[in-house]
Amino acid sequence: MNENEFFREATIRICGNLEIEVALLQCLKYLKGVIPVESMNLSVWEPDSKSLRVIARATDSGGEKADTLIPMSQIAKTNMEQMRKKFKASRWPDTDIINDSSADPGMREIIKHYDLEVSSLMHLILETVGRPLCSILVFGQGKNIYSEKDAQVLNLLKEPLSIAMSNALKHREVVKLKELLVEDNRYLHRELRQLSGDEIIGSDFGLRDIMKKTNQVASLDSPVLLLGETGVGKDVIANAIHSSSPRRKGPFIKMNCGAIPDTLIDSELFGHEKGAFTGALSEKRGRFERADKGTILLDEIGELPPQAQVRLLRVLQDKEIERVGGTKTIQLDIRIIAATNRNLEEMVKAKQFREDLWFRINVFPIMIPPLRERKSDIPALLKHFVNLKVKELKLPTIPVLSTGAIEPLMHYDWPGNIRELQNVVERALILNPTGPLNFNHMTLPKLTESNKLHEIIPMTGNLDEITSMHIRQILTQTNGKIHGPDGAADLLGINASTLRNRMNKLGIEYRKRRGD
């Protein structure tokens, strides 16, 4: 046998496949023409559990990736621990020959586990990264089969088999880390949903038409353009579209186009190749690549510089990109949602925004109304933000609202919209964390008598919305109390049962209290 030829051919088979079970099977088939062999095992000793874990196994019927723990008797565990300590202290000698498996405690356990007859074995300890005790076992049927010449043949394969085993262990670690990352990601998404709430506040009142449009377009891949003032919740609507779409299991990538310098926006959106510019020390995937199989939200799209608008147009038309400094075309499967608080149509007329890009993104526009036009949502939003901020600020209890606390909120125009309301709630909790909450710290413009009623009653012709808002206001004042003196029914001048029936009809939740 030509040793160099044997080593070259065996190494090609062992290291020629990333799947360890396939490599082991190819090695077994080649070895059969040189030495007597029926099966091969790759295994690692785990000192914590004091068990032998089989990583892969090859027999005449094929190769299989395994994750099998073989329990050991006490004497076998002692022998394996002694072997591990010796291996960690110095280089292990060449292949061991065990021509009677019944004479070795550890081998007896392995033969018993696989229901094999008494066999001859060759045991080769592999040199692996971190030096865990890893080995390959070669099985031959019957006793006294192997000679020193056979052991020399197997010992030639120590280096390629060690490389294959090291790669297999590293791959196992990567898979475990990936599984942990996926599970952590799922956990964080669950936590975020619990923190921010799955329900969109106002979906039954001020945002009813918006949610209808959202549900209509969610199942499609058409571009969506979200329009509205700063702070109205465009990102919340975008998230609702993604979460209701077939892409909900894919990534949801957000990018504020106005928050990135013009010189970096191409790199952020499209990525760059190593050496594309000074400071590009490594390859980088852009936001579009990261959003593949999912959705990307381009917030403040009106702030995109002209050169980025041209490249974005290509993404919309061809669903492909090229990284900065690269020539390779990367195909994409993404859904684009754009958002802006600017008048893009006027920007097109002023030559500040590309007309062809405007036509591409304006397929399905959704105008989100400001908070001043849907004040019927303020009581529900107030409750939501109080609960949310109590968690964020780690307060022990949810403070109650003082009598009439909601009135200044209903009188205010909210130029900062929902974001401003959220900040006002947080400020109130900081000033008075134990309650009762009030919003006297707000600096509000004085209202004239002529517009007070207009401000208190929302701009809507829907009687149910007005009634619901008024009931919610009264319930806020009574801290949810319905029955009895100073209860909501008493203040409204109606029977408590009538009030409950009306609340059920309007979908107003309430807690049952003693006496209600």
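Strand β9 (residues 295-299) runs parallel to β12, and five bridges join the two. The model is predicted.

**The five-stranded sheet**

- The sheet is open and has five strands in the order β8-β9-β12-β7-β13, with parallel pairing.
- β8 (252-256) and β13 (364-367) are the edge strands. Each has a single partner strand, so one side of each lacks a neighbour in the sheet.
- From one strand to the next, the twist averages 20°.

**Strand β12**

- How many of the six residues of β12 (residues 335-340) are buried? Six of the six are, so β12 is largely enclosed by the rest of the structure.
- Side chains in a regular strand alternate between the two faces of the sheet.
- In β12, Arg 335, Ile 337 and Ala 339 point one way. Ile 336, Ala 338 and Thr 340 point the other way. Both sets are buried, Arg 335 and Thr 340 included.

**Strand β7 and its partners**

- β7 pairs with β12 in the parallel sense, over four bridges. Here Leu 225 stands opposite Ala 338 of β12.
- β7 (residues 224-227) is also joined to β13 by four bridges, again in parallel. Leu 227 stands opposite Met 367 of β13.

**Helix α20**

- Helix α20 spans residues 496-506. Its buried residues include Ala 496, Leu 499, Arg 500, Met 503 and Leu 506.
- Why do these residues lie on the same side of α20? They cover an arc of only 130° around the axis, which puts them there.
- An α-helix has 3.6 residues a turn, so residues three or four places apart point the same way.
- Asn 501 and Lys 505 are exposed, on the face of α20 turned away from its buried side.
- Gly 507 follows α20, and its phi is positive, near 75°.

**Cysteines**

- With a cut-off of 2.5 Å between cysteine sulfur atoms, the count of disulfides is zero.
- Is Cys 134 buried or exposed? Cys 134 has 0% relative accessibility, so it counts as buried.
- Cys 257 has 2% relative accessibility and therefore counts as buried. The limit for buried is under 20%.

Note on methods
Residues are numbered from 1 along each chain as its sequence is written. This is a predicted model: local features need pLDDT of at least 70, side-chain atom pairs count only at pLDDT 80 or more; totals for chains, interfaces and linings use all residues. Side-chain values use heavy atoms; hydrogens and water are left out. Buried means under 20% relative accessible area, exposed over 50%, partly exposed in between (1.4 Å probe, protein chains only). Two strands pair if DSSP finds at least two bridges between them. Axes are lines fitted to C-alpha atoms, for helices over the stretch in contact, and angles run from 0 to 180 degrees between N-to-C directions. The arc is that of the directions from the helix axis to the C-beta atoms.
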